[in-house]
Amino acid sequence: MPADSVKNWLDLHGVTSEELRLFLHRVPAQMPTKPILEQVDHSPQQIWDSTVSILCRRFPDVASQINDVSQAVDCKFFTDTQRPFTVHPNDGAATQIHLNYRFDTNSVLAVAHECGHAVQAGLVTRIRPPIYREISAMLSERAFTESML
């Protein structure tokens, strides 16, 4: 990808090259090539509720808003969705989560990730650049993962 294309993308999304460098610096250099899949017994709703509880403890100043947002989300847990995604309509309708849940560790992290998207979408009144939405989702994953250690 040409350097000016990257610069244009960063400009479009309101991200400086320094912000991106700092963000990427925190990503481990040796990412696993294959995910570790372990079976889990928890339902997707249990994981969702745990993630919300963890986020409320992590961010007590907005805990009541996190709870309100999480209660208003329409979670659709399937076994045939290709990729998880969050839809936050602009018309005031409920945020929707679509997720393929297979009772494995990837599915657990996907629930925590999508919960982060839903909470961010519900707490922020204006459209955010994609990188900020992904950071919110990754922070949710991280908070969930750290609470399990």
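User: Where in the fold is Q65 found?

Analyst: Q65 is found in helix 4. Helices here are DSSP runs of H or I with at least four residues, strands are E runs of at least two, and both are numbered from the N terminus. This is a predicted model, where local features need pLDDT of at least 70, side-chain atom pairs count only at pLDDT 80 or more, and totals for chains, interfaces and linings use all residues. Residues are numbered from 1 along each chain as its sequence is written, and side-chain values use heavy atoms, leaving out hydrogens and water.

User: What is the overall layout, in helices and strands?

Analyst: The protein has 6 helices and 3 strands. Along the sequence they run α-α-α-α-β-β-β-α-α. Of its 149 residues, 30% are buried. Buried means under 20% relative accessible area, exposed over 50%, and partly exposed in between, with a 1.4 Å probe and protein chains only.

User: Which class does Q65 fall into, buried or partly exposed?

Analyst: Q65 counts as partly exposed, at 34% relative accessibility. Its C-alpha atom is separated by 7.2 Å from that of L123, a residue 58 positions away along the chain.

User: How do I read a helix pair such as helix 4 and helix 5?

Analyst: Two packed helices are described by the angle between their axes and the distance between the axes. Here the axes of helix 4 (residues 63–72) and helix 5 come within 9 Å and cross at roughly 110°. That makes the two helices roughly perpendicular. Axes are lines fitted to C-alpha atoms, over the stretch in contact for helices, with angles from 0 to 180 degrees between N-to-C directions. Under 35 degrees is roughly parallel, over 145 roughly antiparallel, 65 to 115 roughly perpendicular, and the rest oblique. The crossing of helix 4 past helix 5 is right-handed; the near helix is then turned clockwise from the far one by less than a right angle, and anticlockwise for left-handed.

User: Which residues of helix 4 and helix 5 meet?

Analyst: Q65, I66 and V69 of helix 4 meet A118, V119, G122 and L123 of helix 5. Contact means heavy atoms within 4.5 Å. Helix 5 also holds Q120, which is buried at 10% relative accessible area. Beyond four places in sequence, Q120 touches R128, R133 and S136.

User: At what angle do helix 3 and helix 6 pack?

Analyst: Helix 3 (residues 44–58) packs on helix 6 at about 95°, with the axes 9 Å apart. This pair is therefore also roughly perpendicular. I47, S50, T51, I54, L55 and R58 of helix 3 make the contact with S140, A143, F144, E146, S147 and M148 of helix 6. S140, A143 and F144 are among the buried residues of helix 6, as are I131 and A137.

User: What span should helix 6 have?

Analyst: Expected span is 1.5 Å times one less than the number of residues. For the 19 residues of helix 6 (residues 130–148), that gives 27 Å, and the end C-alpha atoms are 27 Å apart, which agrees.

User: How many aromatic pairs are there?

Analyst: The structure holds 1. The ring centres of Y101 and F103 are 4.8 Å apart and the planes meet at 80°, so the pair is edge-to-face. Rings of Phe, Tyr and Trp (its six-membered ring) pair with centres within 6.5 Å; planes under 30 degrees apart are stacked, over 60 edge-to-face, the rest tilted. Y101 is buried at 4%, whereas F103 is partly exposed at 36%.
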